[in-house]
Structures are given as structure tokens and as C-alpha cells.
Amino acid sequence: VQLQASGGGLVQTGGSLRLSCAASGSIFSVGHMYWYRQVPGKQRELVAAITSGGSTNYADFVKGRFTISRNNAKNTVYLQMNSLKPDDTAVYYCKAKVTSLVVSAYSDYWGQGTQVTVSS
């Protein structure tokens, strides 16, 4: 199972970006999907989560600005980021709980990370 994240880049304060993360491989089912972020010297922090049924949760620092969504047919999770601030600058990672054709229990898989830089 692999997760491929994309969509990061450089944007000015107040701008928008949309991240995508697609899961592929010998997937049986995909459960919860997440977006995390990390800046150098700090722990990775949870940004948003979404269940397979579409229920969502957000960190307080992104509520009202970011939206997580998913396409179950494509095993893909998205993060629409609006009203971006310099403090949002980080490497963004996706994570998914996946059962595969080899491992029947849900296991965590991480994407490779995509850099988001917000200039002031």
C-alpha cells in the first residue's frame, strides 16, 4: 500500500491550495484518513480527519479555513486550504488506516509529505 501526496507549493498570505493524497496497492478497504503537518523542530500535529462515512474533525487552528473531503471510489483524500497564513507553512502529510489483501487488520500508512509555504 502506498500513499502519494501532491498539491503543495508557494502561496501568498490569504491564498488557497488544495492537497490530494491517493492510496494505491493491494487495498481491501480504507478507513479514517488524516492530514498532519510538521515544521522543523516540532512534533507532527493533526490538522484534520475524516471517516469513511464522511464525518470530519479539525484542529482549532484551521477551523473555518480548511476543509477535508474524500472520494472513496478513488481512495483519495483532499485538503482544501483557504485564507492561508504564514503560520500554516509546514510539510503536510496524509495518513490512512487501510486493510489490505495481506493484512486484515487496519494499519497506518503515511504519504511522503508535501511542502506548503505561505509568504507574508
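This is a predicted model: local features need pLDDT of at least 70, side-chain atom pairs count only at pLDDT 80 or more; totals for chains, interfaces and linings use all residues.
Which class does Tyr-36 fall in, buried or exposed? Its relative accessibility is 15%, so Tyr-36 counts as buried, the cut-off for that class being under 20%.

Next, bring up Tyr-34, which is buried, as is Tyr-36. Now look at how Tyr-36 sits against Trp-110: they form a tilted aromatic pair, with 4.9 Å from centre to centre and 55° between the planes. Colour the strands while you're here. Tyr-36 belongs to strand E4 (residues 27-38) and Trp-110 to strand E10 (residues 107-110), so this pair ties together parts that are 74 residues apart in sequence.

How many aromatic pairs are there to find? The count comes to two. For Tyr-34 and Tyr-36, the ring centres are 6.2 Å apart and the planes meet at 45°, so this pair is tilted. Show Tyr-34, Tyr-36 and Trp-110 together and you have one aromatic cluster.

Lys-95 lies over the face of the Tyr-34 ring, 4.6 Å from the ring centre.

What sits over the ring of Tyr-78? That's the charged end of Arg-18, at 4.1 Å from the ring centre.

Key:
Residues are numbered from 1 along each chain as its sequence is written. Side-chain values use heavy atoms; hydrogens and water are left out. Rings of Phe, Tyr and Trp (its six-membered ring) pair if their centres lie within 6.5 Å; planes under 30 degrees apart count as stacked, over 60 as edge-to-face and the rest as tilted. Buried means under 20% relative accessible area, exposed over 50%, partly exposed in between (1.4 Å probe, protein chains only). Helices (H or I, at least four residues) and strands (E, at least two) are DSSP runs, numbered from the N terminus. A charge sits over a ring if NZ of Lys or CZ of Arg is within 6 Å of the ring centre and within 35 degrees of the ring normal.
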